[in-house]
Amino acid sequence: MPDDEDLIDSLLGTTPDSPLGVLRRRRPEALRHAQGAYRELVLPADPGGLSHAERAVLALRVALREGDAALSARYRAVLEAAGGGAMAAAAEAPGTPGGQDRVSALLRYADRVAMAPDSTSKADIEGLTALGFTPRDIVATTQLVAFVPYQVRVLAALRAMLQESRA
Amino acid sequence: MTRFTLKPVGWRPRLDPVKAETATPAQLAALEACPPAQRRSTYFLTLAHDPGSLGERGALFNIVMYAEGGLDRADRELATAVVSMVNGCVFCTSVHAKRFVELTGDEPAMQRILDEGWADEPDPRRRAVAAFAEALTRAPGEVTAAHVATLRAAGLDELEILDLVHAVAMFANANRLMLTLGDPLLPKQM
């Protein structure tokens, strides 16, 4: 994806001058900051203790659990570009990951935050701390896992609007 | 009685927040992008551990909730209160239910929603907004043109529908942050 391309347009196959593209650009700051949040969470210049591949595998996991095929395909490509293609199988495996390694722990956390956030507890945070994740890494992980559901819902509703305009 | 309330609910972080006096320049700059009244809140100081995401996500939140024109602010507050109830976020529900009441003066309507839900909401526009918010929250992949049509039938125009979508999606995000990074302090515990 070119740097200046809007992720949502890219995934929906819409252009800035299409009816939906024009409508979305009536909220230019919403586009700009959604794109900015994506950049800061998935592709930050300084990723800290959460590597680009780990970020991509988290995003892929949530997109898969939320059932968005197009967004999942995008994050799978981002994961491969970050050199983490070998982690894709872990993200795609059904059920709860059982391993004690970092990626298994991150995926367990992603599942809880994305799919059952009201079941989380302080122990989930402490589990990440025990593996060496810093407060910054934990906040970044949580922000990322909480941002993909935003993308999923914007995409889903915009697809419904496109479907309506084609009917 | 449900656990949702218009009374103030507190929030206790599960991570030590950044201290304003020892924050880095990047953390302070990110906090500046957040709503002025909330820059020193425990919640934003917790998010400030990762300033890059706080700055962009805070700016996104601001525009989604407060952009001029389009969907009435009270409808955004209604939608975000409903999403917060569906996701089980008692803290977010109390904040946005209260703002709805401040904007509309209609406390009985919000109290009824908190106690009984929105299936029997008498106002057709509010009922349509709430039902759409629930559908997009619970099962985004099952939302179709028929759901959008219910909003049009209730009188929402294109920009209002887009604003509603953004507000509902924003609280898929906000509720997950609040529920994961801290615990609500219910009125009797405060």
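**Terms and their grounds**

Author: B:D123 is found in the loop between α6 and α7 of chain B. The model is a predicted one.

Reader: What makes B:D123 count as partly exposed?

Author: B:D123 has 14 C-beta neighbours inside 10 Å. A residue is buried at 20 or more such neighbours and exposed at 12 or fewer, with partly exposed in between. The value for B:D123 lies in between, and therefore B:D123 counts as partly exposed. The C-alpha atom of B:D123 is separated by 9.8 Å from that of B:A154, 31 residues apart along the chain.

Reader: Is B:L45 buried or exposed, and how do you know?

Author: B:L45, which lies in helix α2 of chain B, has 21 C-beta neighbours inside 10 Å. The criterion for a buried residue is 20 or more, so B:L45 counts as buried. Leaving aside residues up to four places away in sequence, B:L45 touches B:P17, B:V18, B:A20 and B:R40. Between the C-alpha atoms of B:L45 and B:L28, 17 residues apart along the chain, the separation is 9.5 Å.

Reader: How do you know that the span of helix α7 of chain B is close to the expected one?

Author: Helix α7 of chain B covers residues 124-138, which is 15 residues. The expected span is 1.5 Å times one less than the number of residues, here 21 Å. From its first C-alpha to its last, the helix reaches 21 Å, so the span is close to the expectation.

Reader: Which residues of α7(B) are buried, and against what do they pack?

Author: The buried residues are B:R126, B:A128, B:V129, B:A130, B:F132, B:A133, B:A135, B:L136 and B:T137. They pack against α4 (73-87), α8 and α9 of chain B, and also against α9 (135-166) of chain A.

Reader: What makes α5(B) and α6(B) roughly antiparallel?

Author: Helix α5 (residues 90-104) and helix α6 (residues 107-116) of chain B pack at an angle of about 155 degrees, and their axes are 8 Å apart. Angles over 145 degrees count as roughly antiparallel, so this description applies to α5(B) and α6(B). Their crossing is right-handed. B:A97, B:F100 and B:V101 of α5(B) make the contact with B:E107, B:M110 and B:L114 of α6(B). Of the residues in this contact, 5 are nonpolar, none polar and 1 charged.

Reader: How many residues does each chain give to the contact between chain A and chain B?

Author: Chain A gives 42 residues and chain B gives 42 residues. On the side of chain B that touches chain A, the largest share, 16 residues, comes from α9(B). That side divides into 23 nonpolar, 13 polar and 6 charged residues.

Note on methods: Residues numbered from 1 in each chain as written. Chains lettered and ligands numbered in written order. Predicted model: local features only at pLDDT ≥ 70, side-chain atom pairs only at ≥ 80, totals over all residues. Contact = placed C-beta atoms within 7 Å. Helix = DSSP H or I, 4+ residues; strand = E, 2+ residues; numbered from the N terminus. Nonpolar A, V, L, I, M, F, W, Y, C, P; charged D, E, K, R; others polar. Axes fitted to C-alpha atoms, helices over the stretch in contact; angles between N-to-C directions. Parallel < 35°, antiparallel > 145°, perpendicular 65-115°, else oblique. Left-handed = near helix turned anticlockwise from the far one by under 90°.
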